[in-house]
Amino acid sequence: MHVTMSVNGEDVAKDIEPRTLLVHFIRDDLGLTGTHWGCDTSNCGTCVVSLDGTPVKSCTVLAAMADGHAVRTVEGLETAGTLDPIQQGFIEEHGLQCGFCTPGMLITGRELLDRNPHPTELEIREAISGQICRCTGYATIVRAIQWAADHPAGAAAVEQETVQS
Amino acid sequence: MQIPAPFEYARATSLDDAIALLTRYGDDALVVAGGHSLLPMMKLRLARPDWLIDINELHELDYVRRHGDELRIGALARHRTLLESAEIAALFPIMTEAERVVADPIVRNRGTIGGSLCQADPAEDLSTVCAVLGAQAVIRSATGERVIGMDEFHQGPYETAVEFNEILVEVRIPIRPRSSSSYEKVERRVGDWAVAAAGGSVTLAADGTIEDAAIGVTAVGLSGRVTDAEAVLIGHRPTDALITEAGRMTSAAVDPMTDQRGSVEYKRHLAGELTQRVLKRAIARARRQEA
Ligand SMILES: Cc1cc2nc3c(=O)[nH]c(=O)nc-3n(C[C@H](O)[C@H](O)[C@H](O)COP(=O)(O)OP(=O)(O)OC[C@H]3O[C@@H](n4cnc5c(N)ncnc54)[C@H](O)[C@@H]3O)c2cc1C
Ligand code: FES
Ligand code: FES
């Protein structure tokens, strides 16, 4: 079947098998391997992408279901070479070790801040509770999202601080 | 890597279109709503439909609205919508408390009340909630609509009264004065299915006695309501002793299995303990409503 959708703001069109999962469509058909795939049971959350602005587990959505819709993946977070504050936060607060869970955490973190710019620690923990990290123990991920909340200007804020100090 | 067996995909453009597609493809077709039960089953090849009828574009089935003394919820309402509904929280705290522990926030963005009820997994939280609240299911086919109670809707594990050419379109919950409810679930870790859970609802009479009561349990081998334990409560003043007795009877009525989530003894204990807790909370809330 033929599907067309917007991925990170760009229109894509492909012929696919109806059974193609969105995660495989993104990785294999579009070559966007930033989105990871880590389980067959919809548990790990490393495959999380935004579908019309809502985070979903892309291993549990058919590419066919996204036909005509807008998808945003981790590759779509930076704009004009500048990292999104959420990405900068993961750098500042060491929010990753192996990085396997990171694409999903970034998308969920971004969406959380979009609807709740000043989340409490509990709200952050709740938001990422459907995603597994085997490295960090979550503490630095929570701090990374908090950093992004405190620095909506992102990387620019870091430069500012460097200049001032 | 697990992927579903091949199938044909059709996106329904209207409710009538969805029913026409189901009627045309018969037993070989399945509706897909959130897909968060069906797609995992298709990956495991436990489900192998030849046709998938996608109803996600039928936004007219995604609503929560009050209609007289009923709250009506469209089959395509997502878990997240139910969790965030202030109206549901005020009228049916049992549903809000259940939604807080249904899966995880990302799954809740996608899964629907219709899919939950039609999946009829014995560990499905909303099945218990709807049974306790005395909900009715509105089921549509090419020839019209029928409205049935939850006892008739759920026919056993993974089995419902919805025929191959029918769609669940709405859930109706009666709004009753001087009533309230509660849900509590024990899970091994965040986002997991219940080890055991209980839901309770009470209606108080003007003199403070229990006019009506409903108890339901999740994942402990008893679907529908625990009518024996309910009967103990009705007509009496709510005392600790009475609630302890209702808990004891629930514990005796359930028929759980030992699995990786816990032993029979543990689950039996939970069923009784959680029943007492939700009844106490429901009664306290119903009293506050009276005031
Ligand atoms: C990791 C994970 C954890 C979970 N944990 C929990 C939990 O703790 N508690 C819990 O209750 N649930 C849990 N779930 C299940 C989740 O709540 C699903 O959303 C729900 O079971 C199914 O809803 P759905 O819309 O995704 O249904 P789908 O998967 O789309 O459909 C399920 C079944 O219902 C049928 N169907 C769907 N809609 C209709 C309709 N309107 N009319 C007729 N038939 C229909 C389909 O044909 C299919 O057979 C979990 C799921 C996952 C992936
Ligand atoms: S790949 Fe694990 S939840 Fe999607
Ligand atoms: S950084 Fe390794 S899994 Fe999260």
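Modeller: Let's start at the ligand: an oxygen atom of ligand 1 is 3.5 Å from a polar backbone atom of B:Ser116. This is a predicted model, where local features need pLDDT of at least 70, side-chain atom pairs count only at pLDDT 80 or more, and totals for chains, interfaces and linings use all residues. Residues are numbered from 1 along each chain as written, chains are lettered from A and ligands numbered from 1 in written order, and side-chain values use heavy atoms, with hydrogens and water left out.

Colleague: How far is a nitrogen atom of ligand 1 from an N or O atom in the side chain of B:Asp125?

Modeller: A polar contact is a pair of N or O atoms within 3.5 Å; within protein, one must be able to donate a hydrogen and the other to accept it, and residues adjacent in sequence count only if both atoms are side-chain atoms. For an oxygen atom of ligand 1 and the side chain of B:Ser37, the distance is 2.6 Å. For the nitrogen atom and B:Asp125, it is 2.7 Å.

Colleague: And how much of ligand 1 does the protein bury?

Modeller: Accessible areas come from the Shrake-Rupley method with a 1.4 Å probe; for residues, only the protein chains shown count as cover. Taken alone, ligand 1 exposes 980 Å², and the share of that buried by the protein is 95%.

Colleague: Which element gives the most to the shell around ligand 1?

Modeller: Helices (H or I, at least four residues) and strands (E, at least two) are DSSP runs, numbered from the N terminus. Strand S2 (29-32), helix H7 (113-119) and strand S10 (167-174) of chain B each give two or more residues to the shell. With five residues, the top contributor is H7(B).

Colleague: Why is the site shared between chains?

Modeller: A residue counts as near if one of its heavy atoms lies within 4 Å. Of the 33 residues around ligand 1, those that come nearest include B:Val31 and B:Thr112. The site is shared because the residues surrounding ligand 1 come from chains A and B.

Colleague: How many salt bridges does the rule find across the interface of chain B and chain A?

Modeller: A salt bridge is a side-chain nitrogen of Lys or Arg within 4 Å of a carboxyl oxygen of Asp or Glu. A:Glu126 forms one with B:Arg108, with the closest N and O atoms 2.9 Å apart. Across the interface, the rule finds three.
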